[in-house]
Amino acid sequence: MGEDSERSAHPPEVVALVVAAGRGARFGAGPPKQYRRLGGEPLLRHSLALFATHPAVARVRAVIHPDDRALYAAAAAGLPLLDPVAGGATRQESVRLGLESLAALAPAPGRVLIHDAARPLVAAETVSRVLAALAGEAGAIPAIPARDTLKRVEGGRVAATLAREGLWLAQTPQGFRFPEILAAHRRLAGEGGFTDDAAVAEAAGLAVAVVAGAAENIKVTDEEDLARAERILAACASLEVRTGLGFDVHRFGPGRMVRLCGIEIPFERALLGHSDADVGLHALTDAILGALAAGDIGSHFPPEEDAWRSADSAIFLRHAAGLVAGRGGRILNLDVTLVCERPRIGPHRRAMAERIAAIARVPADAVGVKATTTEGLGFAGRGEGIAAQAVATLALPPRR
Ligand code: MG
């Protein structure tokens with residue numbers, strides 16, 4: 001599979017393979033862990049549903065234990081999935097059998113995401129990061145850096161201390177170009193006792209990139225993990241989603257440059273105001289403050305205070321974003337519309353979105369920047385000033 005096919009009009013499709021064939025020896029009596037209840041649903045259903053609804057994933061197949069057909073049918077009911085296939089005696093063998101079944105599809109997948117059903121809390125963003133890295137790599141895995149000091153323990157005593165530098169904890173889904181990982185699994189079948197697919201890829205000489213994993217993407221191996229997964233799920237479910245609206249106008253005056261959404265645009269006029277008059281950042285700041293029900297930009301930065309004279313409006317937006325972080329919340333998205341006949345906004349939209357993202361510390365793909373004219377009508381149409389409207393959506397933890 002060459003780079004060219006990745007760039008073609010129809011990129012090879014992505015198939016997710018969810019490995020759920022294990023017996024879960026560390027769980028007590030009852031059904032295998034992947035069929036235990038989490039958030040009222042079988043644990044396996046969480047990841048199946050995530051992949052089945054991810055826009056970049058075309059098809060999903062589970063690898064299951066032959067004894068679990070009835071449990072699987074109940075867990076997968078109503079989800080658009082390929083028929084499951086039976087796994088083998090080890091995880092490695094189960095993955096290989098799953099890959100062989102995908103090779104028989106027409107068309108065979110271009111890329112495959114191999115996921116452990118024991119990680120029910122994987123987020124769509126993690127899947128997207130793995131796929132983005134796969135555009136230029138044979139393999140990519142999510143991982144988080146080891147934060148605790150690692151000890152080798154023998155007989156209840158510390159035998160050695162490992163240097164933590166450069167050590168990462170691997171998660172799933174692990175993504176690969178399909179032909180390469182299939183060949184690697186075929187070549188190493190029955191060998192090695194590899195505990196993840198990146199190890200199989202590594203043994204076969206494939207390069208594997210690392211992208212940011214997520215602390216919530218835990219592996220459920222025992223009852224304690226299941227209780228922790230319940231707590232993480234409950235915390236997510238109780239997040240309060242808030243929306244706020246911002247609106248601002250500044251008039252034109254003499255000058256040679258306007259600053260809009262943090263970007264300086266040469267122009268034959270300037271916007272007048274107490275600060276740098278960045279109407280876009282002001283509307284965004286008010287949108288966030290509105291979602292927090294925390295007043296408006298004027299109550300946080302009174303225009304009668306000299307400190308804010310000619311101030312960079314990035315200060316205001318950063319302050320509002322800081323209030324969200326201070327509440328333990330997060331900005332889900334920001335969207336702003338600039339209303340003016342001139343200057344032209346289009347050439348600067350991308351830079352504006354990136355600048356807003358950097359100030360508010362959100363991903364650039366969570367920032368929308370748009371522009372419109374008023375077809376010559378009103379103050380904006382007459383070129384007397386620029387208006388901006390903005391919306392912010394926040395996720396806040398529940399109040400105690
Ligand atoms: Mg203003």
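Begin by selecting Thr 172 and His 115, whose side chains are joined by a polar contact of 2.9 Å, a polar contact being a pair of N or O atoms within 3.5 Å in which, within protein, one must be able to donate a hydrogen and the other to accept it, while residues adjacent in sequence count only if both atoms are side-chain atoms. The model in view is predicted, so local features need pLDDT of at least 70 and side-chain atom pairs count only at pLDDT 80 or more, whereas totals for chains, interfaces and linings use all residues. Residues are numbered from 1 along each chain as its sequence is written, and side-chain values use heavy atoms, with hydrogens and water left out.

Stay with Thr 172, which lies in the loop between strand E10 (168-170) and strand E11 (174-177); helices (H or I, at least four residues) and strands (E, at least two) are DSSP runs, numbered from the N terminus. Thr 172 counts as buried because its relative accessibility is 2%, where buried means under 20% relative accessible area, exposed over 50%, and partly exposed in between (1.4 Å probe, protein chains only). Leaving aside residues up to four places away in sequence, Thr 172 touches Ile 114, His 115, Asp 116, Arg 119, Val 122, Pro 142 and Asn 217, with contact meaning heavy atoms within 4.5 Å.

Next, select strand E7 (residues 139-145), which is largely enclosed by the rest of the structure, because 5 of its 7 residues are buried. Two strands are said to pair if DSSP finds at least two bridges between them. E7 runs antiparallel to E11, with 2 bridges joining them, and here Ala 140 stands opposite Gly 175 in E11. E7 also pairs with strand E12 (residues 208-212), this time in the parallel sense and over 5 bridges, and in E12 the residue opposite Ala 140 is Ala 209. Between E7 and E10 there are 3 bridges, and the two run antiparallel; Ala 143 has Ala 170 of E10 as its bridge partner.

Move on to helix H8 (residues 223-237), whose 15 residues reach 21 Å from the first C-alpha to the last, close to the 21 Å expected at 1.5 Å a residue, the expected span being 1.5 Å times one less than the number of residues. Color Asp 225, Leu 226, Ala 229 and Ile 232, which are buried in H8. They lie on the same side of H8 because they cover an arc of only 120° around the axis, the arc being that of the directions from the helix axis to the C-beta atoms. Strand E2 (37-38) and helix H2 (43-53) are included in what covers the buried residues of H8, whereas the face turned away from the buried side carries the exposed residues Glu 224 and Arg 231. At the start of H8, look for a side-chain oxygen of Asp 222, which reaches to within 3.2 Å of the backbone nitrogen of Glu 224.

Then display the open sheet of 5 strands, which has the order E16-E13-E19-E17-E18 and mixed pairing. Its edge strands, each pairing on one side only, are strand E16 (269-271) and strand E18 (367-372). Within the sheet, strand E17 (residues 330-339) and strand E19 (residues 385-396) pair in the antiparallel sense over 9 bridges, and Leu 334 stands opposite Ala 392 in E19.

Finally, zoom out to the chain, whose secondary structure comes to 13 helices and 19 strands. Of its 400 residues, 47% count as buried, and its C-alpha trace spans about 75 × 50 × 45 Å along the principal axes.
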